[in-house]
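Colleague: I would like a close look at a single part of this protein. Please keep it brisk.

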Amino acid sequence: MSTYPNVKFLTSAAAAHQFGADTGREIAFAGRSNSGKSTAINAITQRSGLARVSRTPGRTQLINFFELVPARRLVDLPGYGFAKVPQSVRAGWLALLGRYFNERESLVGLMLVVDGRRGLGAEDAAMLEWVLARDRCAHVLLTKSDKLNRRDAERILRETRAACADTAVTAQLFSAHAKQGLEEAREVMDRWLAAA
Ligand SMILES: Nc1nc2c(ncn2[C@@H]2O[C@H](COP(=O)(O)OP(=O)(O)OP(=O)(O)O)[C@@H](O)[C@H]2O)c(=O)[nH]1
Ligand SMILES: [Mg+2]
């Protein structure tokens, strides 16, 4: 049985006026292009095909909103760091992301999706700072852990936690393919989404 049996796609936004009602609570998934954001959303909600998974990096160019239950949402943000995207397109995404993070009152937490083989990059660190400066929670999903041996997985987790040691940011290993860390991620999200 699905943890969120009534999860559904709400809307795609290419501009801030399309974000939809800013009420209740929502959690955003951000990270580099191809880090596994959409796959993580599908795994966590147990709904394959809910968020579209890319064959080519940079596929998710819109902000996609999903409803878990009324007034509780997940948001799939466009990935950053993909070199082949034209500068004009990149500037557009940045502006859209900026509007989202600056204006969205219902945003309670950020799931920062990081390829476990790469670890935290400069843009990831900037994203964390941005969110922490706005008093939101953040949790790092180190994805594709099925591609790492145990020693490397433990090392990257240790390094990530060390990099976040002065903050309230937490981190975990995650693999959609191996179904690792799904429950841990849901517990974090359920805590953030619980009524104030
Ligand atoms: N081995 C492995 N591959 C994964 C995992 N999660 C995602 N992938 C693969 O990584 C690629 C990118 O996944 P997406 O979920 O589309 O990544 P994204 O971050 O949403 O990418 P953009 O929307 O382009 O920013 C796909 O080929 C996935 O199959 C995982 O846990 N293990
Ligand atoms: Mg995506």
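Which two strands form a hairpin, and which residue in the turn has a positive phi?

Modeller: The hairpin is made by S3 and S4, with two residues between them. Ala 71 sits in that turn, and its phi is positive, at about 70 degrees. Keep in mind that this is a predicted model.

Take the pairing next. Strand S3 covers residues 63-69 and runs antiparallel to S4, joined by five bridges. Within this pair, Glu 67 is found opposite Arg 73 of S4. S4 also has a parallel partner: strand S2, residues 25-31, is joined to it by five bridges. Here Arg 25 faces Arg 72 of S4 across the pairing.

Now S4 itself. This strand spans residues 72-76, and five of the five are buried, so the rest of the structure largely encloses it. Arg 72, Leu 74 and Asp 76 point one way. Arg 73 and Val 75 point the other way. Buried here means 20 or more other C-beta atoms within 10 Å of the residue's own. Across the protein, buried residues make up 38% of the 196 residues.

Finally, the setting. The protein has five helices and seven strands. From the N terminus, their order is β-β-α-β-β-α-β-α-β-α-β-α. Among contacts with a separation of 6 or more, 73% link residues 24 or more positions apart. The radius of gyration is 16 Å, which agrees with the value near 16 Å for a compact globule of 196 residues. Along the principal axes, the C-alpha atoms fill a box of roughly 45 × 45 × 35 Å.

Technical notes
Residues are numbered from 1 along each chain as its sequence is written. Chains are lettered from A and ligands numbered from 1 in the order in which they are written. This is a predicted model: local features need pLDDT of at least 70, side-chain atom pairs count only at pLDDT 80 or more; totals for chains, interfaces and linings use all residues. Helices (H or I, at least four residues) and strands (E, at least two) are DSSP runs, numbered from the N terminus. The radius of gyration is taken over C-alpha atoms; the globule rule is 2.2 Å times the number of residues to the power 0.38. A residue is buried if 20 or more other C-beta atoms lie within 10 Å of its own, exposed if 12 or fewer, and partly exposed in between; C-beta atoms are placed from the backbone. Two residues are in contact if their C-beta atoms, placed from the backbone, lie within 7 Å. Two strands pair if DSSP finds at least two bridges between them.
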